Amino acid sequence: MSVTKEQVMEQLKTVMDPELGKDLVTLKMIKNVALCDGQAKITVELTTPACPMKDKISFDVKKAVTQLDGISMCEVEFTAQVQPSPQQQAKDSNPLPTVKHVIAVGAGKGGVGKSTVSVNLAVGLARAGAKVGLLDGDIYGPSLPTMLGLDGLETHTEGGNMIVPFDVHGIKSMTIGKLVDPDKPLIWRGPMAHGAFNQLATQTLWGELDYLIIDMPPGTGDVPLTLAQLLPLTGAVVVCTPQKVAQDDARRAVRMFQQLQVPILGVVENMSYFIGNDGVEYDIFGKGGAQAMAHQMDVPYLGGIPINMRLRANSDNGKPTANFEDDAQLGKELETVVKNLAGQVSIQTHQTEMATPTISIS
Ligand code: ADP
């Protein structure tokens, strides 16, 4: 007797999404089951195109389905649909209704690689197939004009006061650095900083985005407060280098977001280690320091990025995609951080959905 789709679905109830902790059928991730001559083709819809668990899910689905008598082969096909964060849907008068997730990238202090990480997260998510925007919220020291190579590009507006973002490296981006004179110091008083950030975030024509990454000013000043009040943040990423002194600052950044009720999506350890021409790994700043800090604070750790000359040069030359292509080790580490972030966004969305109380009136 040939196997039915119902039997396959029943079998798929044994396959768990390892991050969301429920089976694929309950999570409504099985979009299609096709059966023909003892062969099965299963279409699984992931919660993000950058899913870190893709290979495991594929393996587990194949294993489960081929256990059925009468199925000799199983193929798995993936699609992805990013679900908007519940915060995004809940916020009254949401200023960014077409953006599914707003993610802040912060750091306890400057120079730890916050902008570098923001750029590579954005480009990495886009390379995985997501629709991504990147906002340079570092209104005191915007780095994106250089890191994205925007220098030769002109800023355009549409309909009077809406700014058209730059479409580069597969992402949409906007920075205050393209709206002011680059040689003048950027001095903002509190309300002006608030206004400038507000305008940049809400007067850019982002269109439909899965993720909007915001490169924040370093430290724990005014802008994060504005951001948390203005935009429905899915969460924040904190960038930290491994040394003890850097960890102390990063801890303060983590606490600031927590105080603002912004979930911590994870800590990234930048300048984690260095691989010399001799192929030896040197732990210049003490690899694992930021990871240990994340562990102590009970927040996720997204991964470590090595000190890498190409990464620095690609940033200076405005060529971020090269980071994923030129150096296998660097590309692998960056992709890990990108996937882990995407995974945490899905977990956060799922948990908040589960935690939302429902009231039934009879
Ligand atoms: P922040 O935004 O925290 O001030 P940046 O991202 O602007 O820091 O980085 C500061 C400098 O360090 C930049 O020149 C950048 O290219 C370089 N840099 C950052 N991370 C790395 C790294 N992992 N390897 C090499 N250079 C890096």
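Start by selecting the shell around the ligand: its residues split into six nonpolar, eight polar and two charged (Ala, Val, Leu, Ile, Met, Phe, Trp, Tyr, Cys and Pro count as nonpolar, Asp, Glu, Lys and Arg as charged, the others, Gly among them, as polar). Keep in mind that this is a predicted model, where local features need pLDDT of at least 70 and side-chain atom pairs pLDDT 80 or more, while totals for chains, interfaces and linings use all residues. Numbering runs from 1 along each chain as its sequence is written, and side-chain values use heavy atoms, without hydrogens and water.

The shell holds 16 residues, each with a heavy atom within 4 Å of the ligand. Zoom in on the closest: Gly 111, Lys 114, Ser 115, Thr 116 and Pro 306.

Next, show polar contacts (N or O pairs within 3.5 Å). A side-chain N or O atom of Thr 116 sits 2.5 Å from a ligand oxygen. For Gly 111, pick the backbone: an N or O atom there is 2.8 Å from a ligand oxygen.

Now move on to helices α8 (244-259) and α9 (289-296), which are DSSP runs of H or I, at least four residues. They pack at about 35°, axes 10 Å apart, the axes being lines fitted to C-alpha atoms over the stretch in contact. Select Gln 247, Ala 250 and Arg 251 in α8, which meet Gly 289, Ala 290, Met 293 and Gln 296 in α9 (heavy atoms within 4.5 Å).

Definitions and conventions: Polar contact = N/O pair within 3.5 Å; in protein donor to acceptor, adjacent residues only side chain to side chain. Axes fitted to C-alpha atoms, helices over the stretch in contact; angles between N-to-C directions. Helix = DSSP H or I, 4+ residues; strand = E, 2+ residues; numbered from the N terminus.
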